[in-house]
Amino acid sequence: GDKVGEAAELTCLSLSHLDEFVAAGTMSGSVCVWNVAQARKEAVCVGPHAGREVTAVTFAHSVQLLFAADSRGGIVGWALPPASDQFTPRVVVEQANAPPPVLPDFPAEKAIKRKVREAHFATRSISIARSKLSKMASAVQTVAWDEEAARLYAADDSGGIVAWHVEMNEMGLAVGMHPNQSWQAHEETTTALALAKVN
């Protein structure tokens with residue numbers, strides 16, 4: 001059998017929109033995809049993840065991609081059936097290429113206290129920009145897909161979160177991604193993301 005993806009330790013799992021496929025990331029850098037109904041392996045996707053631990057996988061039904069993130073900040077969108085290029089990398093980006101995150105403002109306070117805190121905030125912002133953001137090329141720990149907005153949220157081990165917007169061509173195929181927004185959630189590793197619609 002194929003040792004890539006079979007003998008490797010599994011690191012993450014995701015089930016497709018209609019429970020048709022299940023995908024698993026591995027320590028060896030592969031993403032294994034199985035057909036649930038037919039109980040067979042459909043593909044072993046390696047490509048850009050070779051030699052990197054796959055840290056998160058998620059299916060994006062609306063754009064027909066399987067996203068996988070890795071331990072060096074790489075994010076790959078693999079084409080899904082029935083596309084002619086199924087299980088090949090169609091979108092490849094790096095978390096480190098996202099713009100610096102937006103940091104939250106301090107709440108309104110008395111003038112003198114606010115000035116002190118703003119000064120501290122400016123110093124702290126520079127510190128984060130120089131130390132934390134330089135780590136963005138390290139592990140993307142978790143991802144979440146927004147079907148309505150066609151947007152992938154990726155959180156890394158520096159506490160940063162990037163919203164990647166998927167670009168579509170005139171034929172309705174995903175052809176790229178660009179960072180739509182980024183922010184510093186905190187200064188610790190983000191291990192999980194959840195999306196909620198607010199009316």
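Figure 1. Gly 29 has a relative accessible area of 0%, so it counts as buried (buried means under 20% relative accessible area, exposed means over 50%, and partly exposed is in between, using a 1.4 Å probe and protein chains only). This is a predicted model, where local features need pLDDT of at least 70 and side-chain atom pairs count only at pLDDT 80 or more, while totals for chains, interfaces and linings use all residues. Residues are numbered from 1 along each chain as its sequence is written, and side-chain values use heavy atoms, with hydrogens and water left out. You'll find Gly 29 in the loop between strand S2 (21–26) and strand S3 (31–35) (strands are DSSP runs of E with at least two residues, helices are runs of H or I with at least four, and both are numbered from the N terminus). Which residues is Gly 29 in contact with, leaving aside its neighbours within four places in sequence? They are Cys 45, Val 46, His 49, Ala 50, Gly 51, Arg 52 and Val 54 (contact means heavy atoms within 4.5 Å). Gly 29 and Ala 69 are 40 residues apart in sequence, and their C-alpha atoms are 9.8 Å apart in space.

**Figure 2. The open sheet of four strands.** The strand order here is S1-S2-S3-S4, and the pairing is antiparallel (two strands pair if DSSP finds at least two bridges between them). Strand S1 (10–15) and strand S4 (40–45) each have a single partner strand, so one side of each has no neighbour in the sheet. From one strand to the next, the twist averages 20° (axes are lines fitted to C-alpha atoms, for helices over the stretch in contact, and angles run from 0 to 180 degrees between N-to-C directions). Zoom in on S2 and S3 and you get an antiparallel pair joined by five bridges. Val 22 has Trp 34, in S3, as its bridge partner.

**Figure 3. The largest nonpolar core.** This core has 21 residues (a nonpolar core is a set of buried Ala, Val, Leu, Ile, Met, Phe, Trp, Tyr and Cys residues joined through side-chain atoms within 4.5 Å). Phe 67, Ile 75, Trp 145, Leu 152, Trp 164 and Met 177 have the most contacts inside it. Among the elements that give two or more residues to this core are strand S6 (65–70), strand S9 (140–146) and strand S12 (174–184). Follow Met 177: leaving aside neighbours within four places in sequence, its contacts include Phe 67, Val 91, Leu 152 and Trp 164. Apart from this core lies another one, of 16 residues, with Phe 21, Val 54, Leu 80 and Phe 87 among them.

Figure 4. Tyr 153 is buried at 14% relative accessibility, whereas Trp 183 is partly exposed at 25%.

**Figure 5. Salt bridges around Arg 52, plus one more pair.** The whole structure holds four salt bridges (a salt bridge is a side-chain nitrogen of Lys or Arg within 4 Å of a carboxyl oxygen of Asp or Glu). Arg 52 pairs with Asp 70, with the closest N and O atoms 3.1 Å apart. Arg 52 is in the loop between S4 and S5, and Asp 70 is in strand S6. Glu 94 also forms a salt bridge with Arg 52, at 3.8 Å from N to O. Arg 52 is buried at 17% relative accessibility, while Glu 94 is partly exposed at 26%. Shared partners join Arg 52, Asp 70 and Glu 94 into one network.
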